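Dear colleague,

Please find the structure we discussed below.

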There are 2 protein chains.
Amino acid sequence: MSKKRNTTLKELSKELSLSISTVSRALNDHPDISQETKERVRKLAKQMNYVPNLFARGFRSRETHILGVIVPNISHLFTSTILKGILEEAELRGYRVIISESNNNEIKQVEMLNTMTQFGVDGVLMSLSRKTINVEEILKILNRIPIVLFDKVSSKIPCTQVVINEEEAAFNAVEHLIELGKQRIAIIKETENSYNSEKRYAGYLRALNKYGIPVRDKLILSTEDISLGNGRRLTNILLSMKKRPDAIFAITDNAAIGAIKALHKFKVKIPEEIAVVGFSNSINSTIVSPALTTVDQPGDKIGRTAVRFLIQELENPTNDVMTKTVEIKTSLIVRDSSLMV
Amino acid sequence: MSKKRNTTLKELSKELSLSISTVSRALNDHPDISQETKERVRKLAKQMNYVPNLFARGFRSRETHILGVIVPNISHLFTSTILKGILEEAELRGYRVIISESNNNEIKQVEMLNTMTQFGVDGVLMSLSRKTINVEEILKILNRIPIVLFDKVSSKIPCTQVVINEEEAAFNAVEHLIELGKQRIAIIKETENSYNSEKRYAGYLRALNKYGIPVRDKLILSTEDISLGNGRRLTNILLSMKKRPDAIFAITDNAAIGAIKALHKFKVKIPEEIAVVGFSNSINSTIVSPALTTVDQPGDKIGRTAVRFLIQELENPTNDVMTKTVEIKTSLIVRDSSLMV
DNA sequence: AACGTTTGTGCAAACGTTTGCATTGATATT
DNA sequence: AATATCAATGCAAACGTTTGCACAAACGTT
């Protein structure tokens, strides 16, 4: 039951009466080796079930073909969809993936980053923890190995960043509401200046501006923790106003669902009286009733793209920092919560 | 930007005018080394930011301190909750984790298992892909390194298995319905004989038997793919019967939600006319209305437990196969879909 | 015939760590 | 004084792979 040893190059070479180096080269398809020898070697290797010892190889070549991934919280549908994309793309290109959670804890995030580099990953894919303020440590590591950020990113870190086009997505969502004839559009966003929240807010403003709709401070609500409960709470506030809004744009599905729950309780007709739009296309958005209009973020595409850029950097190393920002397109999925005839 | 080299034992030893072996032993707290030396070494190591090269170490000792994890689908809330538990517990005990998806594909599952062992993981945690029939390859690998199965398990594989107590959980759920006074309780389960589905079905039967309620074939419905859509479809069948059931036990939340949607459409009162109980405590179960009564499966506990058993095996290797089955307790969460006053 | 070139192969070093054994000097035991 | 014991340290091998270089044989060119 204890770990048995694998076939080694040495054993193969003995069996074939060749040197270890020849066997190694034969298996690596080195041009110096004759076709005939290559075939003999490959045949025996297969027969003896030879598998290269990746540790020895990585140890020698300083390349592990392992990518590190750090995310705030793995059990979040959007995140795990991204992970799915990462896993698939990485595997396709012959890389393994090590995953870690930062639990939205900045200290732990740096710790993970450190053990990962210590461990010898070739590069790191990372979605930043909330309130990542002290980027100094991260920059230090960025000096040693390539990092690609996705989803939760920061302009303070000069590296490739893969995000959805938050601003445009929000713009489209709000424009959709305007096209329905809505004029008093409330927004539920985050208090702290997260990248995502800010961009979505910017999209909201641009849409209002484009159509000459005044921006009303009263309709702009913020919360620390953009959860279902807080969505409900803030909606209650909106409902208590003399002049109620006629639409709510929540920057996450959960908050939007909270809004729907609150509207339900007060028997407000959705979407006739107040339409609701969310953001994420989480599974819940189809389960709540009425089904929620929302922005679909193609998670797996984000993951795949991030991997592609990272590997690109790994395989064509340059000395100048890459600071490209790649924006992935989203699409608005219109459902009953904003479907008017 | 290219990978810089880390401080090595050699460099430390030169700086301290000690031999490499002494430095190594000092850092590993070997009893042969004097306290004084140990402190000198540790101090310089810290100062020079020494980190052991895990590859060299793993290479030498044949221990990587990496665990492999294979799951059918990472973006499934229950699965990612288990992963969370695995990550936390493994990290706590100084192990790294490599995660892979089998996508419910038996061939790929074996492939992943192979590359993982090839890669040198110390052990594997695995949730089986649907329709895992040919366990031969898995047994072969089980000969080389320890495997612990969780959630989707199989008695054909002699190893430690961590599961929830499916049978009892289902029993409790159905008993709850009976206590409400329900007598015609339908079940929606899977066609193929998955471990989970079978156990839950057994619990259903036991509950009926205990209370002397006849088992009616007509009320036992099966589907290949236990999805929301199929839950809806099968419920429609139930509704078309002359004598409708007065409760539905669906062996997954999604199917239960499908049932609720169907009942809604036909204006059936939940739970007065027909009560509904699901299984999983997915987020959706609180979002659907009425909120769904369901079985809470403590995912992170499953993950943690699985890791504990695996490490236990790793660190106390024996030659006899472990075939323990560990059952994790669940609890029934009663919500509106079965709340009668 | 002497010399380059090409082709295929082998030798040996290197990667960074751990560890069995040898070595040294000091101290305790007879 | 001779010997056994002990504590602290160093030497060197080993893990499996890759790779620069050397080498030998065969061939082509002058």
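The notes below cover the protein interface, the DNA contacts and the domains.

This is a predicted model, in which local features need pLDDT of at least 70 and side-chain atom pairs count only at pLDDT 80 or more, whereas totals for chains, interfaces and linings use all residues. Residues are numbered from 1 along each chain as its sequence is written, chains are lettered from A and ligands numbered from 1 in the order in which they are written, and side-chain values use heavy atoms, with hydrogens and water left out.

Interface of chains A and B

In this model, 58 residues of chain B are in contact with 58 residues of chain A (contact means heavy atoms within 4.5 Å). The two chains bury about 5,500 Å² between them, and 57% of this lies on carbon and sulfur atoms; buried area is the accessible area (1.4 Å probe) that two parts lose on being put together, summed over both. The interface holds 4 salt bridges (a side-chain nitrogen of Lys or Arg within 4 Å of a carboxyl oxygen of Asp or Glu). One of them joins B:Lys108 to A:Glu91, with the closest N and O atoms 3.9 Å apart.

On the side of chain B that touches chain A, at least two residues each come from helix 4 (54–61), helix 5 (77–92), strand 2 (96–101), helix 6 (106–119), helix 11 (253–265) and helix 12 (284–287) of chain B. Helices (H or I, at least four residues) and strands (E, at least two) are DSSP runs, numbered from the N terminus. Helix 5 of chain B gives the largest share, 8 residues.

DNA strand C

There are 28 residues around DNA strand C, the closest being A:Thr22, A:Arg25, A:Arg62, B:Leu9 and B:Tyr50; a residue is near a strand if one of its heavy atoms lies within 4 Å of it.

B:Arg25 places a polar side-chain atom 3.0 Å from a base oxygen of DNA strand C. At the phosphates, an N or O atom in the side chain of B:Tyr50 lies 2.6 Å from a phosphate oxygen, and a backbone N or O atom of B:Asn53 lies 3.3 Å from a phosphate oxygen.

Domains

Chain A is divided into domain 1 (9–52), domain 2 (64–164 + 299–328) and domain 3 (166–297 + 333–338), with bounds from an automatic or database domain assignment. The centres of domain 1 and domain 2 of chain A, taken over C-alpha atoms, are 37 Å apart.

Yours sincerely

Definitions and conventions:
A polar contact is a pair of N or O atoms within 3.5 Å; within protein, one must be able to donate a hydrogen and the other to accept it, and residues adjacent in sequence count only if both atoms are side-chain atoms.
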